[in-house]
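Thank you all for making the time this morning.

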Amino acid sequence: MPHAVHIPRVNNNDDEVRLVRVFVRDGESIKPGQQLAEIETDKASIPVEAERGGFVLRVLQTDDSMVRVGSVLAWIGETIDEAIPGRDEPAADRPKVSTAEPTAKAKAMLLEHGLRVEDVPAQGERLTVDDVLAYLKSRSEGPKTPVATTPTPSSPASAGPSAAGRLEPLSMEARGMMRSVLWHRDEAAAAYLEIEYDPQPWEEHARAFAEERRMLGNPLLPLMAHRLVVIARDHARLNSTIVDGQRFVYEHINLGFTIQVQDNLYLVVVPRAEEMDPPALIKALDQLHRKAIGHKLTPEDMRGATLGFSSMARWQASRHIPILPPYVSMIVAHTVSKDGRSVLGATYDHRVLSGGDAVFVLNWLAQPLD
Amino acid sequence: MPDHGDSKGRIRAKIAELAKELGRNASRLQDNDLIPQSGILDSAEMMSLVVWFEEEFGVSTEAEELTLDNFGSIDLMVDYLKRHG
């Protein structure tokens, strides 16, 4: 969900400050702590920094201009294609979102109601109980019985679950997954089918490939993913999606490939995979895998997939039905069950591909190129 | 300066730890056994082993070096460390 970066208050008496310069542009990737702009008053000049990483969706102010304290400097999204909420609304009229430090009592009340500091507008320099009460009233939710002792699990809002619990922020990876799930549910016409296949030709091919190159890892999955790319190169419809009721055919094949590292599932992306031979694709995936293990993946490493490949063979799942990443027509699901059944499945967007298309791809994929 | 003392024991301990995550036992692994062929670690865990190796011993490996001849066994990893550490 996008969030706004506001013009902060520098001095108590200054309701306007001069925006000296904005350092970022629409569409730019930013990191936490990165300076977005410089503002100044008669007494001070301070940087405006990003609290979180993401993408600049829209810069709303211009260099060398007077801007109101609390107005929106820019909208930041977790992904580059997120919609800006209420973008027709004049930025300066939007409610001031608080970045003020809450008082101890206000902090307890936020916790009690499962709210974040940035959810609640502050009237003064600090976020107070009155601010939280006013916010709750505006949401037609009266304050709950105050908790006098240590913080306890919150009672959920009326739309939430009926059992007691507490709210925890989602990680960047979990937010990305939620976005995929929502796109899959709300926009794609997702369907799934699968075929069983004889794994021997592929295993022999991968073994020979690895022995020839003295490879450390089994190249089976990257080789299968490369095969998928070759099929998509020859059948452009596989590498397309629906935009505004029309088919959008991608210029390049950006291969999304799932990698599990501890509790995190990443969909890393190899751009322009159609230009790579198998060793180059394996090398690219190895590099992304190493970055994932070292927690060094950037948003760019996980952005822009146009086709997907996923395997659950490691866990011997008998079937897995992957979620379609946004704007992807198909993600292939490979697995080998405990009883040795080798399965190639596909979740596909039925607006783009038919079941026949999906079976065609899987049958081709079941055979190594050689 | 990274400490390379008892590198063999530390590598073995890490392999045992990674194997355990997969529900496997590495106690019978010999120093010169090829780890991928032993089935004790899969490709993903081998990659985790290499990333750990780099951090643990302060070495940096190129993609082209990720071969059986450099990282295939405990002995080969120790040899690599002697050459590059």
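Let me begin with a definition: the expected span of a helix is 1.5 Å times one less than its number of residues, where helices (H or I, at least four residues) and strands (E, at least two) are DSSP runs, numbered from the N terminus. Please keep in mind that this is a predicted model, in which local features need pLDDT of at least 70 and side-chain atom pairs count only at pLDDT 80 or more, while totals for chains, interfaces and linings use all residues. Residues are numbered from 1 along each chain as its sequence is written, chains are lettered from A and ligands numbered from 1 in the order in which they are written, and side-chain values use heavy atoms, with hydrogens and water left out.

With that in place, helix α3 of chain A, residues 172-186, has 15 residues and should therefore span 21 Å, which agrees with the 21 Å between its end C-alpha atoms. Its buried residues, where buried means under 20% relative accessible area, exposed over 50% and partly exposed in between, with a 1.4 Å probe and protein chains only, are S180(A), W183(A) and H184(A). These cover an arc of only 100° around the axis, which puts them on the same side of α3(A), the arc being that of the directions from the helix axis to the C-beta atoms. They pack against β9 (190-196), β10 (240-243) and β16 (342-349) of chain A, and contact here means heavy atoms within 4.5 Å.

Helix α4 of chain A, residues 200-213, has 14 residues and reaches 20 Å from its first C-alpha to its last, close to the 20 Å expected. Which residues of α4(A) are buried? They are W202(A), H205(A), A206(A), F209(A) and A210(A), and because they cover an arc of only 125° around the axis, they lie on the same side of α4(A). On the other side of the helix, E211(A) and E212(A) are exposed. The buried residues of α4(A) pack against α5 (220-234), α6 (278-293) and α7 (355-365) of chain A, and just after the helix R214(A) takes a positive phi of about 55°.

Two of those partners also meet each other, since the axes of α5(A) and α7(A) come within 10 Å and cross at roughly 130°; axes are lines fitted to C-alpha atoms, for helices over the stretch in contact, and angles run from 0 to 180 degrees between N-to-C directions. The two helices are therefore oblique to each other, given that angles under 35 degrees count as roughly parallel, over 145 as roughly antiparallel, 65 to 115 as roughly perpendicular and the rest as oblique. The contact is made by M224(A), R227(A), L228(A) and I231(A) of α5(A) and V361(A), W364(A) and L365(A) of α7(A).

Turning to the other chain, α6(A) and helix α3 of chain B, residues 43-57, pack at an angle of about 65°, with their axes 10 Å apart. On the α6(A) side the contact involves D286(A), H289(A), R290(A) and I293(A), and on the α3(B) side A44(B), M47(B), S48(B), V51(B) and E54(B).

Finally, the totals: chain A comes to seven helices and 16 strands, with buried residues making up 43% of its 370 residues. Chain B has five helices and zero strands, and 47% of its 85 residues count as buried.
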